[in-house]
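Colleague: I would like to go through this structure with you before the meeting. Could you open it so that we can look together?

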Amino acid sequence: MLKRLDRWTRAFGSRVAQMGFFPACRYVVRRIGDRLLRRESGAISLGSRNVFKAYAMVDSPAVEVLPGTAQPKCMNWIIPRFSIGSGGHLNIFRMIAMLEKRGFTCRVFITERNAFLSAEQAKQLINEHFVQLEAEVYLGADAMPPCHIVVATSWETAYWAQAFQAARHRLYFVQDFEPFFFAHGSEYAFAEQTYRMGFDAVTAGGWLAGKLAVEYGMRTQAFSFSFDKNRYHPLPRTPGPRRVFFYARHVTPRRGFELGLLALRHVHQQLPDVEFVLAGWDSSDFEVPFRHLNAGVVALDDLPALYAQCDVALVLSFTNLSLLPLELMACGCPVVSNRGANVEWLLSDGDNAILCEPLPAALANGVVRLLEDDALRRRVIEGGFATTAASDWEAEGLVVADFIETRLLSSELARAGGAQ
């Protein structure tokens with residue numbers, strides 16, 4: 001306990017030195033508030049874990065069909081519980097909102113009934129912290145009215161979607177290859193099996209679409225990434241030392257936290273004047289032997305200003321990409337990442353990013369090259385701007401809507417049109 005208190009004291013003292021006393025106090029208060037919100041929204045679970053309860057959905061879940069009829073273009077979206085700041089849920093809600101503009105009627109079913117105090121509270125959190133939805137929100141996926149399409153959004157929800165018998169089509173909204181989230185064991189097998197359930201899939205990017213089609217025979221349609229163009233754009237850089245941003249999420253192993261820290265130490269050894277910004281999660285439990293800001297979980301509205309103060313960003317991905325590279329590019333911050341097909345479907349070495357072998361020295365070399373070579377830095381920044389200019393969420397929403405209408409619902413929609 002004393003060791004942890006000492007670590008907290010040192011972390012607070014470092015933040016006071018960087019921000020001043022009162023801004024540091026405001027930061028601490030905001031972090032405490034964020035933790036309480038995450039607990040309220042179900043992100044923090046308490047008590048011992050019950051295996052039978054945790055994996056009940058795998059063992060033939062029973063889903064009651066409520067009274068009603070399946071109207072054309074009606075979709076039941078089954079989602080796991082969420083917390084404020086979840087990027088995966090933001091993509092789900094964003095896609096639902098875009099489909100609603102195309103005339104789809106959507107309902108959202110959160111698998112865990114106790115995830116929120118009420119369905120009204122859950123919808124309020126969605127509308128306030130994600131996007132505005134017309135969709136009705138329900139707690140629990142064990143009872144749903146009929147629909148044209150039932151949509152799974154994660155491996156757990158795929159079991160609920162498979163068990164639901166009152167849908168004409170099953171669709172899988174796949175944002176990552178989820179078996180990679182686990183060691184080879186039960187959860188790996190549970191997740192992988194969902195790709196053999198016969199669902200059609202819309203996937204975040206071409207790497208996933210190809211992998212699921214080739215390895216599991218799924219019919220797939222990829223959509224690409226974009227970003228909030230009203231939020232992410234270049235801002236003035238204030239005078240100060242060179243800074244390197246690191247997407248530091250030790251709670252998400254696929255983001256390579258340990259590898260990134262080792263790489264940053266190499267950068268520090270070569271360029272001792274460089275400061276580092278660690279953001280994405282609280283890193284105060286780790287020894288970081290160089291000057292840095294532990295920014296933790298940063299509010300969305302504060303991210304552009306933070307990105308603008310950084311000269312290079314290190315963002316690692318060992319499954320599918322996150323949205324951060326595009327957001328950083330849009331703010332004029334060049335990105336260094338690891339090589340791999342899971343990355344190179346969007347990032348191109350020497351064009352819109354610098355890609356390196358996943359070794360500390362190699363990644364550090366990529367960061368140092370961008371810090372020291374102005375011509376390379378300008379070229380990568382311009383390549384990033386070209387990539388972001390070509391992206392658009394509305395266009396990607398149309399890709400998904402067209403796939404659903406032409407590949408899944410064409411016969412039903414044609415008959416409905418003829419009956420009018």
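Colleague: Which residues does Thr-220 touch, leaving aside those up to four places away in sequence?

Modeller: Please keep in mind that this is a predicted model. In it, Thr-220 touches Ala-201, Ala-209, Leu-212, Ala-213 and Phe-403.

Colleague: What does the side chain of Thr-220 reach at 3.2 Å?

Modeller: The backbone oxygen of Ala-209 lies at that distance from the side chain of Thr-220.

Colleague: And in which strand does Thr-220 lie?

Modeller: Thr-220 belongs to strand 9, which covers residues 220-223.

Colleague: How many bridges join strand 8 to strand 9, and is the pairing parallel or antiparallel?

Modeller: Strand 8, residues 200-204, is joined to strand 9 by 4 bridges, and the two run parallel. As one example, Val-202 has Gln-221 in strand 9 as its bridge partner.

Colleague: Which residues of helix 8 are buried?

Modeller: Trp-207, Leu-208, Ala-209, Lys-211, Leu-212 and Tyr-216 are buried there.

Colleague: What covers the buried residues of helix 8?

Modeller: The cover includes strand 7 (167-174), helix 7 (186-193), strand 8, strand 9 and helix 12 (341-344).

Colleague: Why is strand 11 described as largely enclosed by the rest of the structure?

Modeller: Of its 5 residues, 4 are buried, so strand 11 is largely enclosed by the rest of the structure.

Colleague: How many bridges does strand 11 form with strand 10, and how many with strand 12?

Modeller: Strand 10, residues 243-247, pairs with strand 11 in the parallel sense over 5 bridges. Strand 11, residues 275-279, is joined to strand 12 by 4 bridges, again parallel.

Colleague: Which residue in strand 12 is the bridge partner of Phe-276?

Modeller: His-292 is the partner of Phe-276 in strand 12, and Phe-276 is also the bridge partner of Val-244. Val-277 has Leu-293 in strand 12 as its bridge partner.

Colleague: Which helix goes with strand 10 and strand 11 in a β-α-β unit?

Modeller: Helix 9, residues 257-270, does, and the unit is right-handed.

Colleague: Finally, some totals. How many helices and strands does the protein have, and what share of its residues count as buried?

Modeller: There are 16 helices and 15 strands. Of the 420 residues, 52% count as buried.

Colleague: What share of the accessible surface belongs to carbon and sulfur atoms?

Modeller: The accessible surface comes to about 19200 Å², and 54% of it belongs to carbon and sulfur atoms.

Colleague: And what share of the contacts with a separation of 6 or more comes from residues 24 or more positions apart?

Modeller: Such residues account for 68% of those contacts.

Definitions and conventions. Residues are numbered from 1 along each chain as its sequence is written. This is a predicted model: local features need pLDDT of at least 70, side-chain atom pairs count only at pLDDT 80 or more; totals for chains, interfaces and linings use all residues. Side-chain values use heavy atoms; hydrogens and water are left out. Buried means under 20% relative accessible area, exposed over 50%, partly exposed in between (1.4 Å probe, protein chains only). Contact means heavy atoms within 4.5 Å. Accessible areas come from the Shrake-Rupley method with a 1.4 Å probe; for residues, only the protein chains shown count as cover. A polar contact is a pair of N or O atoms within 3.5 Å; within protein, one must be able to donate a hydrogen and the other to accept it, and residues adjacent in sequence count only if both atoms are side-chain atoms. Two strands pair if DSSP finds at least two bridges between them. A crossover is right-handed if, with the strands pointing away from the viewer, the path from the first strand over the helix to the second runs clockwise.
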